[in-house]
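This briefing works through a helical packing, a set of annotated spans and a few individual residues. Please keep the sequence and the model at hand while reading.

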Amino acid sequence: MVVILAVVGVPILLSIRESFFRRNDGVDPNTGLVQQGDQFVGLGNYTAVFAENATVSGMWGPMDRFWNAFWNTSAFTLVCIILETVLGVAMALIMSKAFRGRGIVRAGILVPWAIPTIVSALMWKLIFDEAGIANRILGRQILWLADNTSSFWAIVIADVWKTAPFIGLLTLAGLQTIPDEVYEAARVDGANAWQQFVRITLPMVKPALVVAVLFRTLDTMRMFDLPYGMVGPGKYFVETLSVFAYDEANQTRYGPAAAYSIVLFIYIMLIAFLFVKFLGADVVGDDDVKAVREAKKRRRKMKTITSGESAT
């Protein structure tokens, strides 16, 4: 708990405090001197988040820069998670089969996930360069790294390539807990491969799969490395909330940057809550905790009943 407080709690508290201040700019009308230090503005930075600020033109047309980054973040999360889940489950199914060279295939599938994200960003930046291999294979001149729709899909491809193996790895762990006897009984009953997948594999692998999708969702919502490393800052077709907050801090607007970060933090917490509440993502051993609590309640109830009978 001390370590968690030091590396998580303290930075969050300092960010919340910073979001209540704004750097003084301009000249003091009373003294004629340049203003120094920070000024307490309360919730002013948060109200400014949802006010009409600089209008930019991106994937969703002209709109406020914050909302453009918000919708970019949401779109990246939705598209990447769907593709990564499909490919990850397919990878897990392949890796779970017994065939010659399975170890090499497993290692090869996990290589992209092991590469640092910024290294992947630079690698894909070379691939999607105007004279890169992607355009040579397609036989077209597509400006993947310009500020356009193609840059959005370039980020999606790079992210799916890198992190689909993560979902595959956790799904594989869930697949290995399914007894072979279950599939043998299903085959005896005449179930085909699709029926086995829908009625046996998916339900039994759901706990591991939901946790994997939750982790990837939270990770994608704070995406920074790929858009910043591949396309760069100030590109509104791929600018996420993390990139936007970083750019604000880079301009020494620490208060607004902290407010943007806290809004993103609340957004992520809301998505995590929905996953746990409605999809049953057991990320902290909730089932075990509930079982212990229920056992304690039963013991207290039995003691009450026993005490009442003794008094009678």
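Asn68 is buried, with a relative accessible area of 0%, where buried means under 20%, exposed over 50% and partly exposed in between, for a 1.4 Å probe and protein chains only. The model is predicted, so that local features need pLDDT of at least 70 and side-chain atom pairs count only at pLDDT 80 or more, while totals for chains, interfaces and linings use all residues. Residues are numbered from 1 along each chain as its sequence is written, and side-chain values use heavy atoms, with hydrogens and water left out.

**Surroundings of Asn68**
- Asn68 is placed in helix H3, residues 65–96, helices being DSSP runs of H or I with at least four residues, numbered from the N terminus.
- A polar atom of the Asn68 side chain lies 2.8 Å from the backbone oxygen of Tyr236.
- Leaving aside residues up to four places away in sequence, Asn68 touches Val56, Gly58, Met59, Trp60, Met63, Tyr236 and Glu239, contact meaning heavy atoms within 4.5 Å.

**Packing of H7 and H9**
- Helix H7 (residues 149–175) packs with helix H9 (residues 193–221) at an angle of about 145 degrees, and their axes are 8 Å apart; axes are lines fitted to C-alpha atoms over the stretch in contact, and angles run from 0 to 180 degrees between N-to-C directions.
- The contact involves residues of H7 including Asp159, Phe166 and Leu170, and residues of H9 including Val205, Leu209 and Arg216.
- The residues of this contact of H7 with H9 divide into nine nonpolar, five polar and two charged, with Ala, Val, Leu, Ile, Met, Phe, Trp, Tyr, Cys and Pro counted as nonpolar, Asp, Glu, Lys and Arg as charged, and the others, Gly among them, as polar.
- Ser151, also in H7, counts as buried at 0% relative accessibility, and touches Trp144, Ala146, Val231, Phe237 and Val238, not counting residues up to four places away in sequence.

**Annotated spans and Val111**
- An unreviewed UniProt entry lists residues 69–95, 107–127, 152–175, 196–218 and 257–276 under "transmembrane region", and such annotations may be inferred rather than shown by experiment.
- For residues 107–127 the end C-alpha atoms lie 23 Å apart, and the span is 90% helix and 0% strand.
- For residues 152–175 the end C-alpha atoms lie 33 Å apart, and the span is 100% helix and 0% strand.
- Val111, in helix H4 (residues 102–114), is partly exposed, with a relative accessible area of 44%.
- Val111 and Pro165 are 54 residues apart in sequence and 8.3 Å apart in space, C-alpha to C-alpha.

Methods. Helix = DSSP H or I, 4+ residues; strand = E, 2+ residues; numbered from the N terminus. Polar contact = N/O pair within 3.5 Å; in protein donor to acceptor, adjacent residues only side chain to side chain.
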